[in-house]
Amino acid sequence: MTDVSRRHFLQLGAATASALPFLRALPAHAQSGDVLVAVNGQTINSLDLHRTGTNRPSYQVAINCYDRLVSFGTKPSMGGGLEFDYSKVEPELAESWTVSDDGLILTFTLRDATFQDGSPVTAADVKWSFDRAVSLGGFPAVQMKAGGFTRPDQFAALDDKTFQITLDAPSKLAIPDLAVPIPFVINSKLAMANATDDDPWATEYLHLNTIGSGAFKVARWVPGEQLIYERNNDWASGPVPAYKRVVIREVPSAATRRAVIERGDAQISFNIPSKDALEMSDKMEVNSTPIANCINCVGLNTKFEPFQDSDVRKAVAYAIPYEAIFQAAAFGRGAPLWGEETERSEIAWPRRTGYVEDLDLARAHLAKSGYPDGFEVPFSISLNQLDWMEPTALLIQENLAKIGITVTIDKIPGADWRTASLVEKRLAFHLEGFGGWLDTPDYYFFWAYKDGHLFNSSNYRNDEIETLVDNTLHIPVDDPAYAPNVKRMFEIALDELPRIPLWQPALNVALNGASDYEFWFHRQLDVRPIKPA
Amino acid sequence: MRARLVGARLLQAIPVVIGVVVITFVLTRALPGDPAVYFAGDAADEASIQQVREQLGLDAPLPQQFIRYVGDLLRGDWGNSLSTGQPVLSDLARRLPASLELTLIALLLSCAIAIPLGVMAATRPGSWRDHLCRVLVTAGVSLPTFFTGILLIYVFYYLLDIAPSPLGRLDFLYIEPAPVTGFYLIDSALAGDWDTFGGAARQLVLPAITMAIFTLAPIARMTRAAMLQALSSDFIRTARAAGLPRGRIVYGYALRNALLPVVTTLGMVFSFALGANVLVEKVFAWPGIGSYAVDALVASDYAAVQGFVLAMALLFVTLNLIIDLLYAVIDPRIGFDAT
Amino acid sequence: MTGTTQSHGFASHVGHVMRQNPVTMIAFGMLGLLVFCAVFGPALVPHDPLASGARILQPPSGEHWFGTDHLGRDVFSRVIVATRLDMVISVGAVALSFVAGAILGCAAGYWGGWPDAVISRGLDMIMAFPLFVLAMGIVAALGNTVENVIYATAVINTPFYARVVRAEVNIRREAGFVQAARLAGNSDLRIVALHIFPNALPPMMVQVSLNMGWAVLNAAGLSFIGLGVRPPTPEWGIMVAEGANYIISGEWWLAVFPGLWLMFAVFTFNLLGDGLRDIVDPRQRR
Amino acid sequence: MLRIADLRVRFATRNGPVDAVRGIDLSLGNGETLGIVGESGSGKSVTAFSILRILDQGGEIVSGAVRYGGMDLRQASERDLNDIRGREISMIFQNPRAALNPIRKVGHQIEDVLRQHAQATRQDARAKAIAALEEVQIKDAAARYHAYPFELSGGMCQRIVIALALACRPRLLIADEPTTSLDVTTQKTVMDLIRTLARDRKMGVILITHDLGLAGQYCDRLVVMKDGQIVESGTPADLSRAPTHPYTRRLVAATPHPGKKLHQLVVDGTPAPIPARGEVLLSVRDVTKTYAGKSGPVDALRGVSFDLPQGGCLGLVGESGSGKSTVSSIIARLQDASGGDVLFQGQSLCDVPASRFSRDPRRPLIQMVFQDATDSLNPRQTASQAIAEPLRRLGGLRAGARRDRVHELAEQVGLPANLLTRLPHQLSGGQKARVGIARALAVSPRLLILDEPTAALDVSIQALVLNLLADLRHRLDLTYLFVSHDLSVVQMLCDTVAVMRRGQIVEFGATEQVLNTPADSYTRQLLDAVPQPIV
């Protein structure tokens, strides 16, 4: 289509749109400046984060359409643009808050804000929303529990503007856990009006409607095609967004996504392959932010014979071609985690492991082990994450063959991957890429190194780590015990090596015609700060 | 008489549909992966997974699940898709027209090319035109559709910039026509909105070409074979001896007789293409049932997979019925044989 | 009528069929090339198809005729070596469906009655599935292996053969030569297997050639979705699917060469049909 | 009116070019009826097609001229030819049902021709088409106008083909085997119709046929063709009285008619001795057969009984659908009867079901020769494989002995040994018939069932095969059950005749008696339809 005809159609479209009833007059042209078009490869399957079965891409609705009590501040990112700052908790719907001396009582004062139907946001709404988050079960309840929120009786609306949480035990994770997408605030009156006896939490209604006080509301949602946000001009918890309307378009083919962003038909392509990020970075703004508290690593399942031998694990660690993998799988995007640590502080995580590619050392360790002649093992990767897992697996396979370990690569369908790797933990040798939302090392260790915990796909158990994590998880970062505990955890984990860290992956986002992208730990597109370039 | 034919056909279809329902049920349960785990979310623990499992009704023994599924079906409830979060029936209702529109346009295009090609080849069998035609259509069916699609996007959208962005059924620029049939072309024409009509047509061009290239071969081959047979029939000689002009003989007499096997082939190609749409839809971000099915299958989304297959089976039955009726229109002999 | 005269007759018949149709001759030449690649390819290619190298994503050059991929592997070597696997998939799938289709079709076509009703409805049932999705479902349910790709492809191909055979057997079951074979003391089973079925071969051969090509495309399509052969095994479908992501960024050789080679193979199979039919059709003999 | 000079037609086939017509000269005067007689492959149809240039794919007129009026049709443009086709020269074909477009109403097909030649306008086309139908004596023409070919009988279809051909009142009609696929009774009416119309319109007719008798009856002049050449021409009377060319003589001799003896069919034939008749070999007792039809049960046989003595030859005569083939296949144990019994050598055959009879020790004793030699040979088996097939299953011979037996059989049936390695499609009709007979004889049967073994053969071949059968019967002391629709053939070979109609035997007796003094009216009807001897 030529530019002339584009403009022509634009005018026609606008004219027709204005003539149509409000709700139908949705699409308009992308280049008009009022509309942001973002493409991504995944389907949004619900507008309600609390609902059973809501997938990860749907979290962005909670972020863009609802407010939480608090949020994090931002800082310049090494990947370009801004990223969240875990150390700075900032107000969102809460104007201010206090913490009791024993750390058990959190009291929040709400700002004057209104829901999108015009009714004011009250503490009762917050209480209802939090009750819902801990009552519906599933992932929301698990995440709430991380901050110490488990039961509705912990939440109380003292008056219209005052909301109080009572913790069972003090925790440094409590307030940060209120900044994750889960505890968003819903218009409880409207929700309850649409609740039924079978469905007291109005999940069916919220599944299809956004009734928050956030910066946007969902004006139209066609699963599998697109989702359209419309700006809430009365948003109280932050500066009014620059775009009136945001179209999130679902484009499954990565090649098509690239074509569309390069041609300028979309302004944001979210979560693009590293290779595209590398190649497009000279043509447009590309942010590649290393994902906080996230590590792509090799899992060595200690339930399986050869990997119970620590020399075998070390042999594998020395046999991995780190640099080649980082280039082939990540195209140098992200942060390397091999070799000696020189930049980060002693308690920073993720960190370099000290291991390098050294086949002689690898052979030496293998010779010392119970398997001097090597062994055969399947290496499992997920079909849904082939972009990084496949090259990684192939390169590891090739190098391990050189030291006598024969590896067959096993692609596991996406639906089975979680069951096999995380729930049943039955994959002997695999790749894993957990990232913790709350950015502290102990939080990572809690999920990934504690026996029986979900992301401990290696079935690793070390009694000292168990104790260390339990003792460290809730104490503040400035507690004197904190740093030694964390350092000891690193020492054990990197010596025993149930997981071999490879690199810290980056989230790549390309912007063509838009700017002011911010990286957030939840790895979803926060459209609120985006502005036209 | 024809009514009886239709009735007999429908009766025959019943065991087929029942079989499809059973096989799909078994096949979906055999899919790897536990949907409860998949949908419980990233950080779910045992308890919450169990909770999800109970909500999905996956804790019951299989026969019981099947009985409940069939019961729901009979009440017109096809279940909810977990990956889109919508009732399967409404998903299908929205996506089926998209796939049908694409497939139909592609087949129309394909017929418009393949039938004249086949006729041309049949009127000069063994000539260089015949061989060329055979080689061309064979080349078309040898190209993987996803490859053709990407190549077309690269050339016509990315390099030449003559095609619109491959983003589904309609550019942002246009307003979706009020849904009447679900076919954007028809709906926009009904609404008299010719801009939208043009927009929808533009979006259709590349995917339809991709599919048409792939479906040329069977249609052209069958046209050629049927035309050869028709042209060597005695009645063609009668027509020639009676001095009828060549065009009338080839198109009026031979082609109409050759249409019967061509229609059969068309039916098969149609149902095949509708299933093979999957790959084209993936490439062109076409919101059809093909991509829906793939996503559902990968996510072990039982209700969606079952609903998709059942819908396709019903469509297949309907299609066969339509073909039978078409036969009766084309060939007066049909319908009398049945008595 | 000794063996030698017959085989001589067969060879000269094949030669005759080739001369008769230039397209067939070209197709058999192309098949010869493919078979050569399948048999000797792995021994002859210039690079190890699995060895990654430092020179990643290099365009075609004298060193790497088809360029290198994202792991620095030689695309030419991978394309040639993949021939064997893809031939195994297509031949295996077609052979299985050929046998299954022949048995089912013969049973339905010869005996008619309830076996026919049961088998025909069963075939209808398979046909009522969207075939590609059925193949996906089977591979997903049984697991991601070459064998399962073959089984899945065989299952979705079987109805086509069974229908052809059923029709061909059915029109011949009261034929004079069948009656004569009965009079000659042949049992039903013998009559079906030795007298009727071989006469269904010519139309089946056309089906075979179409399905061989389709089997390769099917495997490629499954790989494109992410179901199929295990890496790092070179396979055309995977290579095209992976390469497709690189077209927009300019590394066209990753998808184009395997795609062209895949097309070449499918093309060959498809062109073979008429020639194969003529070869197995005794009436084409002079 | 029409003059053909030195016409040569060549066909490009897979086996190289074949000369179908090799230089023929013909002429036809106004209003004359010319018969072109020849057996299959003689080039008579190709000659006819060449006149209108409607040869099949691959055919080409190599040389010669076809002059019609003042015009050379060979040089004429396609457009000019289209004006002549159907308007000046028309053609009718054998197999009339196939000659009509199956999915177009017959009236419309006639209209197509009328309008093509500007003989009718949109308004009056229908009336004219109905008029054309009436002219060929179709009753209720207005209703027939709407009929599709499949709704009409063969005779009716041929009338419509004639109406279509004559709708534009052409001056020349070429009739290519117009009655071959019709019943004998219909044949006569159609030919009479053609003659009447030709006379009324002073129309020239070229009648192409394999039937010398038919040609003699309806033509003013005959030409006899063989291998693409004219071997003899003259008036029917001349040809039949004093044929000069040996081929014509053979042809005249081979044409059967009542009263002719079997050995007279071949030039210089000698009668084969008739074997002595022995005890009753086969006894059919009240056999019935009922099929499950779509609209209720169909009685194919309603109680058939007869005895056949050892050495006898029973002719089973009837039109299609009379049940004669059902009887023969029940006796051959290819299917089971619904009731009654069949005794062979005094023992019941029906106690072993047909599906298991292939292993019965009596299997070799009852064999059969099939109607269509092409259909009854497996296209994948060579002649020797086909003959050896029963030996392999029933003969219990070693490979060497089997080969000898095959050669012996080939010799018995007069099949040259060098043809044994050929596939059926590489053999002629007569050769295939001999293979079929040799196969049936391979396991030395006592009873041979002959199911119209000569129906698909040319008359000269038929003459040879019938004589061969008579000879074999004597030499091998065989008992024949000869199934046929053709009384003139039956009377030559058989000593007893059974006439069947609607599943019952309506007349049974010695051949002479049935032929000369038929008791049943249906038998008389059949006898009347047999073509009369030439002249």
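Colleague: Which aromatic residues of chain A do ring pairs link into a cluster?

Modeller: Please keep in mind that this is a predicted model. Ring pairs join A:Trp349, A:Phe434, A:Tyr443, A:Tyr444, A:Phe445, A:Phe446, A:Trp447, A:Tyr449, A:Phe455, A:Tyr460 and A:Phe490 into a cluster.

Colleague: And what is the count of aromatic pairs over all chains?

Modeller: The count over all chains comes to 60 aromatic pairs. One of them is formed by A:Phe72 and A:Tyr86, whose rings are 5.2 Å apart centre to centre, with 40° between the planes. This pair is classed as tilted.

Colleague: Why those two values?

Modeller: A pair of aromatic rings is described by the distance of the centres and the angle of the planes.

Colleague: Which strands do A:Phe72 and A:Tyr86 lie in?

Modeller: A:Phe72 belongs to strand E2 (residues 70-76) of chain A and A:Tyr86 to strand E3 (residues 82-91) of chain A, so the pair ties together parts that are 14 residues apart in sequence. Both A:Phe72 and A:Tyr86 are buried.

Colleague: Back to A:Trp349 for a moment. Is the peptide bond from A:Trp349 to A:Pro350 cis or trans?

Modeller: That bond is cis, with omega near 0°. A:Pro350 is found in the loop between strand E14 (335-336) and helix H13 (359-368) of chain A.

Colleague: Then is the phi of A:Asn459 positive or negative?

Modeller: A:Asn459 is not a glycine, yet its phi is positive, at about 55°. This residue sits in the loop between helix H16 (441-448) and helix H17 (463-472) of chain A.

Colleague: Is A:Asn459 buried or exposed?

Modeller: The relative accessible area of A:Asn459 is 17%. Buried means under 20%, so A:Asn459 counts as buried.

Colleague: What about D:Arg333: where is it, and is its phi positive or negative?

Modeller: D:Arg333 has a positive phi of about 60°, although it is not a glycine either. Its place is in the loop between helix H11 (324-331) and strand E14 (339-344) of chain D. With a relative accessibility of 2%, D:Arg333 is buried.

Colleague: Next, A:Thr162. Which element holds it, and what does it touch?

Modeller: A:Thr162 is part of strand E7 (residues 162-166) of chain A. Its relative accessible area is 15%, so it counts as buried. Apart from neighbours within four places in sequence, A:Thr162 is in contact with A:Thr107, A:Phe108, A:Ala123, A:Ala156 and A:Ala157.

Colleague: Now the chains B and C. How many residues does each give to the contact?

Modeller: Chain B gives 44 residues and chain C gives 44 residues. The area buried between chain B and chain C is about 4,000 Å², with 82% of it from carbon and sulfur atoms. On the side of chain B, the residues that lose the most area to chain C are B:Arg134, B:Phe146 and B:Phe147, together 15% of what that side buries.

Colleague: How many salt bridges and polar contacts are there between chain B and chain C?

Modeller: There are zero salt bridges between chain B and chain C. Three residue pairs are in polar contact, both residues being at pLDDT 80 or more.

Colleague: Which helix gives the most residues to that side of chain B?

Modeller: H1(B) gives the most, with nine residues. The residues on the side of chain B that touches chain C comprise 34 nonpolar, seven polar and three charged.

Conventions: Residues numbered from 1 in each chain as written. Chains lettered and ligands numbered in written order. Predicted model: local features only at pLDDT ≥ 70, side-chain atom pairs only at ≥ 80, totals over all residues. Heavy atoms only, no water. Contact = heavy atoms within 4.5 Å. Buried area = accessible area lost by both parts, 1.4 Å probe. Salt bridge = Lys/Arg side-chain N within 4 Å of Asp/Glu carboxyl O. Polar contact = N/O pair within 3.5 Å; in protein donor to acceptor, adjacent residues only side chain to side chain. Helix = DSSP H or I, 4+ residues; strand = E, 2+ residues; numbered from the N terminus. Nonpolar A, V, L, I, M, F, W, Y, C, P; charged D, E, K, R; others polar. Buried < 20%, exposed > 50% of the residue type's maximum accessible area, 1.4 Å probe, protein only. Phe/Tyr/Trp six-rings, centres within 6.5 Å; stacked < 30°, edge-to-face > 60°.
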